[in-house]
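This report describes the pockets of one protein model and a helix that contributes to one of them. The sequence and structure are shown first.

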Amino acid sequence: MEKTVKPYEAGGSKKEQVGKMFDTIAPHYDLLNRVLSLGVDIYWRKKAISLLKKENPQVILDVATGTGDVALEMAKQLSPQKIVGVDIAREMLEIGNKKVKAKNLDKIIELKYGDSENLPFDDNTFDAVTVAFGVRNFENLERGLSEMKRVLKPNGQLVVLEFSKPTLPPFKQLYDFYFKNILPFIGRITSNDSKAYSYLYESVQAFPDGKNFEAILIKTGYSQPHSQKLTIGICSIYQAKKSPS
């Protein structure tokens, strides 16, 4: 059974705690992403989105959109008709909407509150669905994946970008030390949240990455799942399709 990891020890669902956590760190989120990943997170997002080019999706959903970096990159690379981003952290969305308006993309990109496990869209709405660094935060992973499949059109593409666990020594040991000790320390003194970046390490460790995640995609009804590792396995991109009805 998948282990449930929450940001805080206090009562409340994982979903509530994740929303609270991201609302708290929202003002520092973009800067910390760049600093703590040494900027490589930009490459990861660009790589994941580039995999959709051959599909030429025109209506795209970005789940756990955060401050809108994926949505903005999709607008740049794919030039679709419409991008909708949803997230449960309103402070993150507020920052994202400011970024969208600053680039005059508010007619193409719409960022709004939405729950990954209860998406406010009709069946078969989107040509593609993306999630970047969000699936490990789902309260119910299989329900979230099933919801995304529901709103995908037949043959629609799912692209998931998520942290994974390197296995190559000594990089694995260095990675574990950095994620478990250095990253939470920097995040703590910068964002004033003593739990957020400890939760990052714990949630990555608990997440069923690699072939285990591909198996969950199959279980929830996706077809043709496959993955590729990036940066010696720190991150992985997963792709799958919704079977034609």
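## Burial of α3

Is α3 mostly covered or mostly uncovered, and how many of its 10 residues are buried? In this predicted model, α3 is mostly covered, with eight of its 10 residues buried. The buried set consists of Asp 69, Val 70, Ala 71, Leu 72, Glu 73, Met 74, Ala 75 and Leu 78.

Directly following α3, Ser 79 adopts a positive phi of about 50°.

## The largest pocket

Two or more lining residues come from each of α1 (14-36), α2 (40-50), α6 (171-191) and α7 (196-206). The greatest contribution is that of α1, with seven residues.

By class, the lining of the largest pocket comprises 22 nonpolar, three polar and three charged residues.

## The second largest pocket

The second largest pocket has a volume of about 170 Å³. Its lining is formed by Arg 34, Ile 42, Arg 45, Lys 46, Asp 69, Leu 72, Glu 73 and Lys 103. The elements supplying two or more of these residues are α2 and α3 (69-78).

Methods:
Residues are numbered from 1 along each chain as its sequence is written. This is a predicted model: local features need pLDDT of at least 70, side-chain atom pairs count only at pLDDT 80 or more; totals for chains, interfaces and linings use all residues. Side-chain values use heavy atoms; hydrogens and water are left out. Helices (H or I, at least four residues) and strands (E, at least two) are DSSP runs, numbered from the N terminus. Ala, Val, Leu, Ile, Met, Phe, Trp, Tyr, Cys and Pro count as nonpolar, Asp, Glu, Lys and Arg as charged, and the others, Gly among them, as polar. On a 1 Å grid over the protein atoms alone, a cavity is a set of points where a 1.4 Å probe fits but cannot get out, and a pocket is an open set with protein on both sides within 12 Å along at least five of seven lines; lining residues have an atom within 4 Å of a point. Grid points are joined across faces, edges and corners, and a volume is the space filled by probe spheres set on the points. Buried means under 20% relative accessible area, exposed over 50%, partly exposed in between (1.4 Å probe, protein chains only).
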